[in-house]
Amino acid sequence: MDPHRSSISYHSRQSSYKRERDDNGRNPRENKHFRMNTQHQYRSESALGQNPLSCRTLSTRRELYERDFPVYKQPVEVGCFSLDSERRFFNDSRQMRYYVEPDRNPNFNLRDGYRDRFIKRDDSVKERLDHILRWIVANKSKINPTGAAASPRALDVDFVTWRGHLTKLLTTPYETREGWLLAVTRFRGTLYISEVETEAARRERENRTERHEEMMYWGYKFEQYTCADNTHSLPDPGGVVNTNEAFCTVVQTRLADHRLLFSGEVDCRDKDPKAPAAPACYVELKTSAEICTPKQRSNFHRFKLLKWWAQSFLPGVPRVVAGFRDQEGVVVSMETFHISKISHLIKNEYNCWKPTVCMNFCCDFLSFVKRVVTEDSHRVVYLFSWDPYKDVTYSAHRDSQYCFLPHWYVEEMMRSEDSQYEPKA
Ligand code: 0WD
Ligand code: CA
């Protein structure tokens with residue numbers, strides 16, 4: 001079955017997605033499209049196969065993405081929202097916290113409170129894009145400032161997703177352990193991307209060791225030692241850590257010709273009222289094992305800094321403050337990493353990751369999604385699947401367990417769109 005001609009639920013085996021070879025005739029549209037930029041032509045062809053408009057898979061091989069850095073517009077914060085201690089949504093910044101710089105050698109005990117002052121979010125509950133969609137419904141005018149007349153679609157963006165999903169895409173060409181599944185629905189012209197937990201991830205989540213569970217707490221405990229609730233208070237390490245609470249920024253930006261709207265959780269902001277506007281005032285907090293050997297330093301550069309860079313670069317968060325901890329969970333030193341300097345830091349690492357490969361892969365993946373996801377319906381999900389050392393493949397599913405746009409969202413968007421065309425009284 002040809003996935004381009006039919007989006008009726010089908011589930012062919014991977015081999016059937018492989019492109020039909022097309023050695024001679026390409027159609028005139030392709031020639032026109034690819035004559036614009038000869039260099040891009042060859043790169044795209046090698047990433048996508050001989051015939052970019054009909055290929056079924058996308059390669060993740062690094063060397064295919066080593067070209068000029070694509071245009072990535074300065075991300076603009078268009079709003080924010082908060083999730084409270086019971087995971088309730090608020091269209092405001094009530095969960096914003098303020099960074100309080102600790103000593104250089106702070107001796108924070110990250111294990112404190114794990115047993116008696118920790119409320120853990122239920123991570124078996126899948127929230128999909130719901131919080132972002134709630135924000136969109138509450139803020140539609142902010143996304144379409146010129147009014148809907150300028151655009152036939154409900155939202156004036158190409159993609160809506162979580163920042164964390166984009167981070168996974170950026171790091172894919174270098175990922176060797178964890179695959180991913182991304183569900184995509186085209187609805188009123190906009191592509192919504194929502195992660196689906198893989199079987200492997202579910203097994204890992206359900207079989208975490210006690211040590212692993214505790215270590216996941218350490219990152220949140222570090223936030224509690226370094227964040228205050230307002231500009232003139234101090235952190236309260238005696239309080240409860242509740243991982244239901246979150247402050248999320250919503251940003252708009254553009255990657256090449258892809259207009260993106262995404263949200264990401266922000267740990268805290270600079271408390272100086274003269275600090276630059278968001279997202280430039282935001283601070284990402286991290287903990288990491290202390291670095292004692294050259295091998296550990298090299299691994300930190302190769303793996304950790306890649307993830308840290310990708311996550312903060314996307315929303316335009318300029319710095320990561322890291323607490324380095326020992327085996328017992330005590331923070332022994334602090335270091336600030338400026339996102340714009342990370343690529344220099346890793347330059348001496350042999351065969352290291354490259355920001356341009358990350359961004360070009362993400363860009364080509366989004367182009368691939370635009371080409372594949374043609375049927376506009378909240379009832380259809382295209383499932384993109386990737387495992388390390390493999391190509392990206394996809395399947396399409398109608399009225400399936402993968403549908404993720406909630407009824408209240410679909411109805412609200414249809415209602416408001418219809419009302420735009422009502423004659424003015
Ligand atoms: O259910 C899921 N599979 C996911 C849910 C995956 C990714 C995100 N989310 C939700 C969470 O509800 C969270 O509130 O999105 C929100 C964060 O979105 P994001 O910023 O796009 O995600 P990401 O960049 O992966 O994570 C940012 C922070 C993490 O900080 P660290 O320093 O560890 O990277 O969000 C937190 C965590 O503090 N976080 C979560 N908190 C609760 N539950 C989760 C989660 N599943 N994932 C990340
Ligand atoms: Ca963090």
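## Contacts with ligand 1

A polar side-chain atom of K286 lies 2.8 Å from an oxygen atom of ligand 1, in a model that is predicted rather than determined by experiment. On the nitrogen side of the ligand, one nitrogen atom is 2.8 Å from an N or O atom in the side chain of R121, and a nitrogen atom is also found 3.4 Å from an N or O atom in the side chain of Y220. Taken alone, ligand 1 exposes 750 Å², and the protein buries 74% of that (accessible areas come from the Shrake-Rupley method with a 1.4 Å probe, and for residues only the protein chains shown count as cover).

## The shell around the ligand

Ligand 1 is surrounded by 15 residues, of which R87, R163, G164, E265 and K286 are the closest. By class, this shell holds eight charged, four polar and three nonpolar residues, where Asp, Glu, Lys and Arg count as charged, Ala, Val, Leu, Ile, Met, Phe, Trp, Tyr, Cys and Pro as nonpolar, and the others, Gly among them, as polar. The elements α5 (163-171), β12 (258-265) and β14 (282-289) each supply at least two residues of the shell.

## The protein as a whole

The protein contains 11 helices and 18 strands, which are DSSP runs of H or I with at least four residues and of E with at least two, numbered from the N terminus. Of its 425 residues, 51% count as buried, a term that stands for under 20% relative accessible area (1.4 Å probe, protein chains only).

Residues are numbered from 1 along each chain as its sequence is written, while chains are lettered from A and ligands numbered from 1 in the order in which they are written. Local features need pLDDT of at least 70 and side-chain atom pairs count only at pLDDT 80 or more, whereas totals for chains, interfaces and linings use all residues, and side-chain values use heavy atoms, with hydrogens and water left out.

Conventions: Near = heavy atom within 4 Å. Polar contact = N/O pair within 3.5 Å; in protein donor to acceptor, adjacent residues only side chain to side chain. Buried < 20%, exposed > 50% of the residue type's maximum accessible area, 1.4 Å probe, protein only.
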